[in-house]
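Work through the following exercises with the sequence and the model open beside you. Try each task on your own before you read its solution.

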Amino acid sequence: MSGLINVLVIIAVIALVVVRQCSARRISDDWRWWVLPGILILLPLRRPGLTDPRHEALSVVVLGAELLVGLVVGVGWGWTTRLWRESDGSLWSRGTKATLLVWTGGLALRAALSGTAVPMGIRQGSAAPMAVLTLTPLARSGVLTWPARGMSPAYGDAVGGLSSQPVWKDRV
């Protein structure tokens, strides 16, 4: 039953993160952006089940592919997130339609990896998806923090809560 609970928790966390990231949110641009994901990525490394002891080499390959997908999704997530500073200097972000496509593509790739691994007899515990789910926001935060340091506040009126000035990441 704990496997089902873990799956439900992972689905709930993904849904919560996607909904929260697609709405305008004030974010911090200081050095602490990596602390929570950094701590969370250590938790799965301490737990058993990161790899399948019966298929060690293959499970390491699958885990590496999953981590690569998580990293790419995190970078894509950060790249497709609109980022701006308000006139008070606060930093804001909001995911776009492209962000949802990145998330959907990442989930499809992870499902394909799992769909390939299970018939081969590779069984990974809940530590593997947890590691991937913590790497993804870590990569996103890194992508967003890097340009945010050089952004100056927008001046003038805001329209609909968004700055009327051109912004660095208004690509999508």
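**Exercise 1.** Decide whether Met 151 is buried or exposed, and say where Met 151 lies.

*Solution.* Begin with the accessibility: Met 151 has a relative accessibility of 14% and therefore counts as buried, where buried means under 20% relative accessible area, exposed over 50% and partly exposed in between, computed with a 1.4 Å probe on protein chains only. Finally, look for Trp 84, which is 67 residues from Met 151 in sequence, although their C-alpha atoms are 7.8 Å apart in space.

Before going on, note that this is a predicted model, in which local features need pLDDT of at least 70 and side-chain atom pairs count only at pLDDT 80 or more, while totals for chains, interfaces and linings use all residues. Residues are numbered from 1 along each chain as its sequence is written, and side-chain values use heavy atoms, with hydrogens and water left out.

**Exercise 2.** Describe the protein as a whole: how many helices and strands does the protein have, and in what order do the elements run?

*Solution.* Counting gives 5 helices and 5 strands, and from the N terminus on the order is α-β-α-α-β-β-α-α-β-β. Of the 172 residues, 37% count as buried. For the contacts (heavy atoms within 4.5 Å), take those between residues at least 6 apart in sequence: 81% of them join residues at least 24 apart.

**Exercise 3.** Examine helix 3 by its length, and find which of its residues are buried.

*Solution.* Helix 3 covers residues 56–79. With 24 residues, helix 3 reaches 34 Å from its first C-alpha to its last, which is close to the 34 Å expected at 1.5 Å a residue; the expected span is 1.5 Å times one less than the number of residues. The buried residues of helix 3 include Val 62, Glu 66, Val 69, Val 73 and Trp 77. To read such a list, remember that an α-helix has 3.6 residues a turn, so residues three or four places apart point the same way. What covers the buried residues of helix 3 includes helix 1 (2–21), helix 4 (97–117) and helix 5.

**Exercise 4.** Describe how helix 3 packs against helix 5, and then against helix 4.

*Solution.* Two packed helices are described by the angle between their axes and the distance between the axes. Axes are lines fitted to C-alpha atoms, for helices over the stretch in contact, and angles run from 0 to 180 degrees between N-to-C directions. Helix 3 and helix 5 (residues 127–148) pack at about 30°, with their axes 7 Å apart. That angle makes the two helices roughly parallel, since angles under 35 degrees count as roughly parallel, over 145 as roughly antiparallel, 65 to 115 as roughly perpendicular and the rest as oblique. Among the residues that meet are Trp 77 in helix 3 and Val 143 in helix 5. Val 143 is buried at 18% relative accessible area, and its C-alpha is 8.7 Å from that of Trp 77, 66 residues away in sequence.

For the second pair, the axes of helix 3 and helix 4 come within 9 Å and cross at roughly 175°, which means that helix 3 is roughly antiparallel to helix 4. The residues that meet include Val 69 and Trp 77 in helix 3 and Trp 103 and Leu 109 in helix 4.

**Exercise 5.** At what angle do helix 2 and helix 5 pack, and which residues meet?

*Solution.* Helix 2 (residues 35–46) and helix 5 pack at about 165°, with axes 8 Å apart, so helix 2 is roughly antiparallel to helix 5. Among the residues that meet are Leu 40 and Ile 41 in helix 2, and Met 130 and Leu 135 in helix 5.

Notes. Helices (H or I, at least four residues) and strands (E, at least two) are DSSP runs, numbered from the N terminus.
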